[in-house]
Amino acid sequence: GLDYNLASADNSWNGKFYLHHSFSPTQGNNPFTHGARIDYRERRFAFGMEQRYVGEEYDAEVGFVPRKNYWQINPRADLFFYPQKGKVNRHGPRLRSRFLWTPEEGNTDRLMFLSWDISFLNTSSLQFNVENEYIYLLEEFDPTRTDATPLPGTTGYAYTRFSVEYTSDRRKTFSYRVEPTVGEFFNGYRYGLRTNITWRYQPLGQISLTTNYSYIDLPDPYASASLFLIGPRIDLTFTKNIFLTTFFQYNSQIDNVNVNARLQWRFAPVSDFFLVYTDNYNSLDWQVKNRAIVAKVTYWLNT
């Protein structure tokens, strides 16, 4: 693979360009991927574009790609307004979009995301969001994963949802984030609530708890379901160079409990040793699904 990272002297231009090719004894057509991202930012506005292609026989090996044999572009833009008085530091609209194509079906996915972001002087923030999404199902699909009657494949679905997100003052010992969501979902509706609470104990670390609840309401003969995810996390700082992050997560949709622990040792500037342990259990009978220990070393060659 070949990667090129772009950063201008004043940091107004940033980007990345890459071309990767995978090799396998059984590889077929187009075992490669390429992409480009470019962003420009000033005080009053910002814009950017991202492009990506993944071939039908590209194998990420130790990485991850959401699918194969597709093209994707992501245009985005921001405007920033700075009030002279009051408690608001900055506010303005934000546009995000995503379009996916496949050679056979054409445009299979698109997402238009528009929000108005408000940042306050005390570091809290408020966002008003509206999203319009289109998904073309290549095959039949049950979004509840309850083995119920699936939505028919080779069908397109367009739906709109609304959300509000508030994040409190992150400088305080206790902070929180809450995001209610309501809107359409495929041929029905979805109602959700995401929360996060964080307690900091300086200088040793912090404890946080994330929850995500969704109620999917689909018409007969399709299933409706309540889905719940909860994930406590502990971050500990033993010294200026040794850190431990432990994460637990319960997912009711797939009956899974995940445990993940990462030990990090920064032995030199921008150079780290990581030791990661992960475990997945079936929450119904506590049988182990998979378990792994991974070690990773990064070293910065500063010339």
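Me: What is the volume of the second largest pocket?
Reply: The model is predicted: local features need pLDDT of at least 70, side-chain atom pairs count only at pLDDT 80 or more, and totals for chains, interfaces and linings use all residues. Residues are numbered from 1 along each chain as its sequence is written, and side-chain values use heavy atoms, with hydrogens and water left out. A pocket is an open set of points, on a 1 Å grid over the protein atoms alone, where a 1.4 Å probe fits, with protein on both sides within 12 Å along at least five of seven lines. Its volume is the space filled by probe spheres set on the points, which are joined across faces, edges and corners, and for the second largest pocket this is about 290 Å³.

Me: Which strand gives the largest share of the lining of the second largest pocket?
Reply: Lining residues have an atom within 4 Å of a grid point; this pocket has 22 of them, and Arg41, Asp78, Phe80, Arg90 and Arg94 are the closest to its centre. Strands (DSSP runs of E, at least two residues, numbered from the N terminus) S3, S4, S5, S6, S7 and S8 each supply at least two lining residues. The largest share, 6 residues, comes from S6.

Me: How many charged residues line the largest pocket?
Reply: The largest pocket holds about 740 Å³ of space and has 26 lining residues, with Phe185, Arg190, Ser214, Ile216 and Leu227 nearest its centre. Ala, Val, Leu, Ile, Met, Phe, Trp, Tyr, Cys and Pro count as nonpolar, Asp, Glu, Lys and Arg as charged, and the others, Gly among them, as polar. On that basis the lining has 13 nonpolar and 7 polar residues, and the number of charged residues is 6.

Me: Is threonine 237 buried, partly exposed or exposed?
Reply: Threonine 237 lies in strand S13 and is in contact (heavy atoms within 4.5 Å) with Pro203, Leu204, Ile242 and Phe243, leaving aside residues up to four places away in sequence. Buried means under 20% relative accessible area and exposed over 50%, with partly exposed in between (1.4 Å probe, protein chains only). Because its relative accessibility is 30%, threonine 237 counts as partly exposed.

Methods:
Helix = DSSP H or I, 4+ residues; strand = E, 2+ residues; numbered from the N terminus.
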